[in-house]
Amino acid sequence: MVLAVFYLLVAINVASLPKSTLAVGTPFGLGSATTGGGNLTPTVPSSIAQLTTWLSDSTARVILLDKVFDYTSAEGTITGAACAPWTCSPNPQLAIDANSWCENYEAGAAKTTVTYNVAGTTPLKVGSNKTLLGKGSSGGIRGKGLKITGASNIIIQNIKITDINARFVWGGDAIQIDGGSRIWIDHNTIQNIGRQMVVTGYGAVTATTISNNVFNGDATYSATCNGEHYWTALFTGSGDQITFARNYLYKTSGRGPHVGGTSGYYQNLHVYNNYFVSVLGHAVDPQVGSKVLLEGNYFNTVTTPILTGGTGQAFAPVTAAQVAQCTALLGRNCVANVATASGALPGVATDAGTLNGFTDSTAKSASIMAASAVGAYVQANAGVGIVN
């Protein structure tokens, strides 16, 4: 009798989950083969300990977050050395002296001590064959980020990642990927992060799509002291192959994204149909080793759409002649980018040699809307609460 009641309760529990608790939509771009936990029955963790275990183990899972799992104080605080590299006002970020960063890179900065939450500096390990999914607009993780190291077939969809030691550089990243493949990061909202909102390490990140996310840089503390987060996205892996599409980058001031920077490495980043708004700094930053193809993006009040001075390759067609330059290698015209109330576009992004990195079938067949439609589309479709 007891067993019968138990199985009845389990059946009721499963039946009460929304029918759309599997990942919604189909991944596109380079991450199109990603399936995550597939059609497995979604399970709701009961605690941060259980969520930690489920994310990191070797079992394929669909993990459903029905609330914000708050790690902020779960591992206590630590007081340690720091420095003040930025002397602007108001509210400059401070930098934790992680791995002697202050001594090595900011030796002249004033020294201080700070107290911060340990949880932000110890991200959650994410294993292969996982779907991490938020329920409605309720699901999220606070005070700690996610880290993928050499894992594959992972979906992160419809969750909020927020409040990771936001005052302190080196206080933690929202999503780190150091080597990995078949990854889809979709319809998430990220805000109030100490360091990067999304970052790759030195390991190659391939077959990955980052789409329909809100990178909300509206912040109290900022390295640029203008209420805008500087550390948006950084892609530096040895062979990164990433689609970055239909995202909303709002009130960021740098690294939106920064691509490349290590001699001997290369990164190919297809950046299309993103909406950049109120960026009081720079957006795209192509550095050594990078090839960045920009299509159908809309830059609205962006001081510098493409940063000058880098040695990476970037192509951001604006004119009819530039759009037509894509035909020979892509078999189609590129889609023009648009800027309003912004700095020069394409600026330095006129290197048609960039196109040599985008001759694959995915880039050739990409479905890219006109830049004029991007603002309305992204504002209506990006971030949490739109799917599931």
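## Strand 21

How many of the six residues of strand 21 (residues 267-272) are buried? In this predicted model, six of the six are, so strand 21 is largely enclosed by the rest of the structure.

Strand 21 pairs with strand 18 (residues 240-245), running parallel to it and joined to it by six bridges. Strand 23 (residues 290-295) also pairs with strand 21 in the parallel sense, again over six bridges. Leucine 269 takes part in both pairings: it is the bridge partner of isoleucine 242, and it stands opposite valine 292 in strand 23.

Four strands form an open sheet with the order 5-3-4-11 and mixed pairing. The edges are strand 5 (110-117) and strand 11 (168-169); each has a single partner strand, so one side of each is left without a neighbour in the sheet.

Strand 3 (residues 77-84) and strand 4 (residues 94-96) are antiparallel and share two bridges. Within this pairing, alanine 82 of strand 3 has isoleucine 96 of strand 4 as its bridge partner.

## Disulfides

The whole structure holds three disulfides. With the bonded cysteines numbered in sequence order, the pairing reads 1-3, 2-4, 5-6.

One of the disulfides joins cysteine 83 and cysteine 102, with the sulfur atoms 2.2 Å apart. The torsion about this S-S bond is about -85°, so the disulfide is left-handed. Cysteine 83 belongs to strand 3 and cysteine 102 to helix 3, and the two are 19 residues apart. Both ends are buried: the relative accessible area of cysteine 83 is 0%, and that of cysteine 102 is 1%.

## The other two disulfides

Cysteine 88 and cysteine 225 are also bonded, at a sulfur separation of 1.9 Å. Here the torsion about the S-S bond is about 70°, so the disulfide is right-handed. Cysteine 88 lies in the loop between strand 3 and strand 4, and cysteine 225 in the loop between strand 16 (214-216) and strand 17 (233-235), so the pair ties together parts that are 137 residues apart in sequence. Why does cysteine 88 count as partly exposed? Its relative accessible area is 31%, and the partly exposed class lies between the cut-offs of under 20% for buried and over 50% for exposed. Cysteine 225, at 9% relative accessibility, counts as buried.

The link between cysteine 326 and cysteine 334 has an S to S distance of 1.9 Å. With -95° about the S-S bond, this link is left-handed. Cysteine 326 is buried at a relative accessible area of 0%, and cysteine 334 counts as buried at 5%.

## The largest pocket

The largest pocket has a volume of about 910 Å³. It is lined by 32 residues, and those closest to its centre are Trp170, Asp173, Arg195, Val199 and Leu234. By class, the lining comprises 12 nonpolar, 14 polar and six charged residues.

Which elements each supply at least two residues of the lining? They are helix 3 (101-105), strand 12 (175-186) and strand 14 (198-200).

## Arginine 195

Arginine 195, one of the residues closest to the centre of the largest pocket, lies in the loop between strand 13 (189-193) and strand 14. Is arginine 195 buried or exposed? At 9% relative accessibility, arginine 195 counts as buried.

Apart from neighbours within four places in sequence, arginine 195 is in contact with Phe168, Val169, Trp170, Gly172, Asp173, His229, Trp231 and Arg255. Among these contacts, Trp170 and Asp173 are also listed with the residues closest to the pocket centre, and Phe168 and Val169 are the positions spanned by edge strand 11 (168-169). The C-alpha atom of arginine 195 is separated by 25 Å from that of leucine 293, a residue 98 places away along the chain.

Technical notes. Residues numbered from 1 in each chain as written. Predicted model: local features only at pLDDT ≥ 70, side-chain atom pairs only at ≥ 80, totals over all residues. Heavy atoms only, no water. 1 Å grid on protein atoms, 1.4 Å probe; cavity = no way out; pocket = protein on both sides within 12 Å on 5 of 7 lines; lining within 4 Å. Points joined across faces, edges and corners; volume = space filled by probe spheres on them. Nonpolar A, V, L, I, M, F, W, Y, C, P; charged D, E, K, R; others polar. Buried < 20%, exposed > 50% of the residue type's maximum accessible area, 1.4 Å probe, protein only. Pairing = 2+ DSSP bridges. Disulfide = S-S within 2.5 Å. Contact = heavy atoms within 4.5 Å.
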